[in-house]
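Let's walk through this one together, starting with a single chain and then moving on to how the chains meet. Have the viewer open as you read.

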Amino acid sequence: MSQQSRSPRGAQAASSTTGPSPGGWLARRWNPYLVGAGIGVLSWITFALMGKALGTSTTIAKSAGLIGSAVAPEHVADSPYYGRYFDAAAGKYMFDWQFFLVLAMFVGALIARKLSRERFVEHVPPLWQWRFGPSRGLRYGAAFVGGVILLFGARMAGGCTSGHGISGSLQLAVSSWAFFLSMFVAGVVTALALFGTKGRDHVLAD
Amino acid sequence: MSWLIDPNVRMIIYGLLAGLVFGFLLQKAKVTRYQVILGQFLLKDFTVLKVMLTAIIVGAVGIWGMQAMGAGFPLHVKGATLLANVAGGAIFGIGMAILGYCPGTGVAAAGDGSRHAVVGILGMIVGGGIYAEVYPQIEDGLLKAWSVTVGGSNKVTLAELSGVSPWWYIAGLVVIAAAVFLVLERWERGRAATA
């Protein structure tokens, strides 16, 4: 079912229709510090074992190039931007470790939800619906535009929340801390501009 | 199109396994939920900050610890071109507040059942395509502005920039995070008691 309920607590109400959360490691929500520590340990493994830093937005930019190369192959072949990423001689490929990491993130989240017997489908989030109404078209349009802006910014900055925010910050990179602070401030300002302080009454605090 | 498929199968398998774990963890913290990301930007629900700061600290202790013990793996510090880092970060923050996800949590959210996240991912791909077209125009200007270099390289850490041991920064981070977490937990308990 969709999240078209009137109550701002609609999302949670829909989730709880699947019954109580299992206990232990199958619990629907883990302690955020535990999850953070898990991601930290995962970063040790990617650095030490794979020689890589966790990141995701490069793969999404390359996917644009892949689609572009199906439509206008010469244009992509001549592009100075894609040339940095599509370069077999330099060991840089489209379908590389990071592409499969991103693909598997989808599956990992799906497995996590299924294992804890949670049902969740969301078209229009309750907070959005409170402010902008139940229209799926409007929400999808905003999500699309948000996605365009998001990835444009990520590529300009040289990374996203994973590549800069986590992997870069833990390396104490100057670039990453500049990105992290800037994106956080811009996110707060934008969210307050969209929803106002009253919006705080329509998100569930945990 | 020799650049299509990486012949290194071992790396692809590692990538798959790391992605499964990463997506699983993001869903368990519920940072795959629009409510939680917007709750952070509206300064109501601090789950995102708790997850990120803990990941940064645990990650930093392990990475710098292994480096200190002589593990020779490469670091991946991104170039400090501060105008692009800050302007790109601001654009990113605006997009993230509108979409409600970042690229990684967006992909995981799609797996978690968010349909609007799927539309957001399509938007991200278009945004990546637009950036590739703009790139030649900003390559030599904006992307090189406010460059911070140490010894001729802009892949600079705070430790290199200040000439101080990275462990001072890590210790500082631990102290700041511990204080922030204590205040947050107390504030959240107080709020729960009055609710």
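What percentage of the 195 residues in chain B do buried residues make up? The figure is 50%, where buried takes 20 or more other C-beta atoms within 10 Å of a residue's own, exposed takes 12 or fewer, partly exposed lies in between, and C-beta atoms are placed from the backbone. Bear in mind that this is a predicted model: local features need pLDDT of at least 70, side-chain atom pairs count only at pLDDT 80 or more, and totals for chains, interfaces and linings use all residues. Residues are numbered from 1 along each chain as its sequence is written, while chains are lettered from A and ligands numbered from 1 in the order in which they are written.

Chain B has eight helices and zero strands, taken as DSSP runs numbered from the N terminus (H or I, at least four residues, for helices; E, at least two, for strands). Its C-alpha atoms fill a box of roughly 60 × 45 × 40 Å along the principal axes. Of the chain B contacts with a separation of 6 or more, 52% join residues 24 or more positions apart; a contact means C-beta atoms, placed from the backbone, within 7 Å.

Now look at helix α2 (residues 34–41) of chain B. Eight of its eight residues are buried, so α2(B) is largely enclosed by the rest of the structure. Among them are B:Y34, B:Q35 and B:F41. After α2(B) comes B:L43, with a positive phi near 55°.

Further along sit helix α5 (residues 103–112) and helix α6 (residues 115–138) of chain B, whose axes come within 8 Å and cross at roughly 140°. Axes here are lines fitted to C-alpha atoms, for helices over the stretch in contact, with angles from 0 to 180 degrees between N-to-C directions. α5(B) and α6(B) are therefore oblique to each other, given that under 35 degrees counts as roughly parallel, over 145 as roughly antiparallel, 65 to 115 as roughly perpendicular and the rest as oblique. On the α5(B) side, the residues include B:P103 and B:G106, and they meet α6(B) residues including B:A117 and B:M124. By class, this contact divides into eight nonpolar, two polar and no charged residues; Ala, Val, Leu, Ile, Met, Phe, Trp, Tyr, Cys and Pro count as nonpolar, Asp, Glu, Lys and Arg as charged, and the others, Gly among them, as polar.

On to the meeting of the two chains. The contact takes 124 residues from chain A and 113 residues from chain B. The chain A side divides into 80 nonpolar, 34 polar and 10 charged. One pairing across it is α8(A) with helix α3 (residues 47–68) of chain B, which pack at about 35° with axes 7 Å apart. A:G165, A:I166, A:S169 and A:L170 of α8(A) take part, facing α3(B) residues that include B:M52 and B:I63.

Beyond its neighbours within four places in sequence, A:L151 is in contact with residues including A:I60, B:P103 and B:M124. In the largest nonpolar core, with 111 residues, A:M105, A:L150 and A:L151 touch the most other members; such a core is a set of buried Ala, Val, Leu, Ile, Met, Phe, Trp, Tyr and Cys residues joined through C-beta atoms within 7 Å.

Finally, find A:G196 in the segment after α9 of chain A. With 11 C-beta neighbours inside 10 Å, A:G196 counts as exposed.

Definitions and conventions:
Two residues are in contact if their C-beta atoms, placed from the backbone, lie within 7 Å.
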